[in-house]
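Visitor: I would like to learn how to read a model such as this one, feature by feature. Could we begin with the way helices pack, and then move on to the rest?

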Amino acid sequence: MPDAPEAVGAAGVAGATDAMDATGVVGVAGAAGVTERLPAPGMWATYTMIAGMWIRSTLAYRASFVMMLVGNFLVTAFDFVVIALMFSQVRSLGGYSFAEVAFLYGTSTTAFGLANALLGSIDKLGARVRDGTLDTLLVRPAPVLAQVAADRFGLQRLGRLLQGGLVLGGSLLALHVHWTVLKVLLVPVMLLSGTAIFCAVFVAGAAFQFWAQDAAEVQSAFTYGGQTLLQYPPTVFAKDMVRGVTYIFPLAFVNWLPALYILGRPYPLGLPSWLAFTPPLVAALCLTLAGLAWRVGVRAYRSTGS
Amino acid sequence: MSNRGNSVAKGRGAGLGSRALVSVAGEGAFVRLYGVVAAGGFRRYTTYRVATAAGVFTNTVFGVIVAYTYIALWDQRPNLGGYDQSQALTYVWVSQAMLMTVNMFGGGFADELVERIRTGDIAIDLYRPADLQLWWLSADLGRALFHFLGRGAVPLAFGALFFDLALPTNPGTWLAFLLAVLLGVVVSFALRFLVALTAFWLLDGAGVSSLVSIAGLFFSGMLLPLNAFPGLLGEVARALPWSCLLQIPADVLMGRHHGTGLLGAYGFQLGWAAVLLGAGRVLQSAAVRRVVVQGG
């Protein structure tokens, strides 16, 4: 662990917890009054240190790791195999060709894969609250969010990312799209914003677990469920579902809206096409809201005492 | 409430088991012993009510997503794999209902067993006067019953309410379905038991178990009905043990197996159960001969 400042011991657990809270959320080091306290490590430093530790630990069981990596690659690859099997029976799905669905699949899986690799461990928060190990993290002089996110960092999650990236690359080669500079630039913007939106979903889901510890699985409906939903064209789903993921829970901004612009497809619900360029704004809004939710969650946290 | 849940999770398996042994093994009433273990498996999962509700919610959301993709698929190819659209939708909701019962994602008892092998606690299990495989099978059957009721009923009811399903009205068909589910759970257990035992050699069983559960996810028909698999792939998939978990029970429920066909389906499940349980015993005795308790 980082060189624990002496002052933390003196200030007592309660004080340290407050400081952690503040650094964890806003990234401001230390409480203002205590000048002799060493600056706590930042979010990113904490994250990379803990993640690095877990990577070394994962590599200790190398045969098992290789199998988990292959497994992670395959589990998502099978998702795509299913789509390929569907297209072995039909020529289009919801009016979209195989290459177009592959493009949606690739963008959804890549964005989700990146977010999952970065923050996937966070859904263990409920278990930590329940068994009391969260308290250990709270008294450490490092941001809690980074600690929870990096804990049990799973290097094998790169399997999903790799697989999504391969499908995306393949679909870009297969698509017949009239590429403009704007469309080319929109692809990386879409992937990064999508990752950020999924990250926000992970953080918000974790914050929710402060209250509903056992309900961790609800989060999967929005993370894994969202990823699955976005792999298919919006024309497949009922209008109310599309409305829901556009206006209420803005998953449509991960890939549907920008991707439909790139593919030159009509927008669902008569939405204007300039929405294709809003994902960065939506992502920023989502991250802000998720950060606030996390902050409220940490503040409301009460140790189980076990 | 949730605190209590956690301690129960850790304590109950072992606690209940040893208490049962003292009172029962002396009388030689082995059936009762395994009955108690199964009841413990059931009760252990009833503790997590919020988690169960959360799981039901998630299954239902996935059911809705998959149902719409199947509607799009069967709109393009009516009668794909011999299913009409309402049968395809029935398949979706049965698969969501069965997901936990046959432990499609792996884990459950297998993770616990692997952890006990890794830490060396398995030594304690081995000197208990109870059979290792039967012990875990009983506990898993108890768990499966809870998941069948707690995780299965609501998604299926939701599907029946909001989609046009082809569910049978004949109670006999439902009974036939229950038997097929039971046999599916046994085959699923036998597979996971085999996989868990590889931890004796690999120590960390996570890799193998994730590979096998992925194969299971695909070849059980969880992602797409095995009927809809093209050509040779379909033939192979339907012959593998994973088709016992979901495809056969779902087809039994939709009345696609009857008369001698139904007996054939049961025979197929029983055959795989016997082969896999037998292989588990062989592997277990090989493992026990080489066991060196770690940290002992």
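Guide: Two packed helices are described by the angle between their axes and the distance between the axes. In this predicted model, helix α3 (residues 62-89) of chain A packs with α4(A) at an angle of about 165°, and the two axes are 11 Å apart. Since angles over 145 degrees count as roughly antiparallel, α3(A) and α4(A) are therefore roughly antiparallel to each other.

Visitor: What is the hand of the crossing between α3(A) and α4(A), and which residues make the contact?

Guide: The crossing in which α3(A) passes α4(A) is right-handed. On the α3(A) side the contact is made by A:T76, A:F80, A:I83 and A:F87, and on the α4(A) side by A:F98, A:V101, A:Y105 and A:T109. By class, the residues of this contact are six nonpolar and two polar, with no charged ones.

Visitor: How do the axes of α4(A) and α8(A) lie relative to each other?

Guide: Helix α4 (residues 98-119) of chain A and helix α8 (residues 158-174) of chain A have axes that come within 7 Å and cross at roughly 155°, which makes α4(A) roughly antiparallel to α8(A). The crossing of α4(A) and α8(A) is left-handed. Among the residues that make the contact are A:A99, A:F103, A:G106 and A:G113 of α4(A), facing a set from α8(A) that includes A:L161, A:G164, A:V167 and A:L168. The contact of α4(A) with α8(A) is made up of 11 nonpolar, 11 polar and one charged residues.

Visitor: How many residues of chain B are in contact with chain A, and which helix of chain B gives the most?

Guide: In the model, 37 residues of chain B are in contact with 40 residues of chain A. On the side of chain B that touches chain A, α1 (2-24), α3 (49-76) and α10 (206-219) each supply at least two residues, and α3(B) gives the most, with 14 residues. That side of chain B divides into 25 nonpolar, 10 polar and two charged residues.

Visitor: Where in chain B does B:N79 sit, and is the residue buried or exposed?

Guide: B:N79 is placed in the loop between α3 and α4 (85-98) of chain B, and its phi is positive, about 75°, although the residue is not a glycine. B:N79 counts as exposed because it has 11 C-beta neighbours inside 10 Å, the cut-off for exposed being 12 or fewer.

Visitor: And is B:N103 buried or exposed?

Guide: B:N103, which lies in the loop between α4 and α5 (109-119) of chain B, also has a positive phi, near 55°, in a residue other than glycine. With 24 C-beta neighbours inside 10 Å, however, B:N103 counts as buried, since 20 or more are needed for that class.

Visitor: How far apart in space are B:V37 and B:L246?

Guide: From C-alpha to C-alpha, B:V37 and B:L246 are 26 Å apart in space, and they are 209 residues apart in sequence. B:V37 is placed in helix α2 (residues 30-46) of chain B, and with 26 C-beta neighbours inside 10 Å it counts as buried.

Terms used: Residues are numbered from 1 along each chain as its sequence is written. Chains are lettered from A and ligands numbered from 1 in the order in which they are written. This is a predicted model: local features need pLDDT of at least 70, side-chain atom pairs count only at pLDDT 80 or more; totals for chains, interfaces and linings use all residues. Axes are lines fitted to C-alpha atoms, for helices over the stretch in contact, and angles run from 0 to 180 degrees between N-to-C directions. Helices (H or I, at least four residues) and strands (E, at least two) are DSSP runs, numbered from the N terminus. Angles under 35 degrees count as roughly parallel, over 145 as roughly antiparallel, 65 to 115 as roughly perpendicular and the rest as oblique. A crossing is left-handed if the near helix is turned anticlockwise from the far one by less than a right angle, and right-handed if clockwise. Two residues are in contact if their C-beta atoms, placed from the backbone, lie within 7 Å. Ala, Val, Leu, Ile, Met, Phe, Trp, Tyr, Cys and Pro count as nonpolar, Asp, Glu, Lys and Arg as charged, and the others, Gly among them, as polar.
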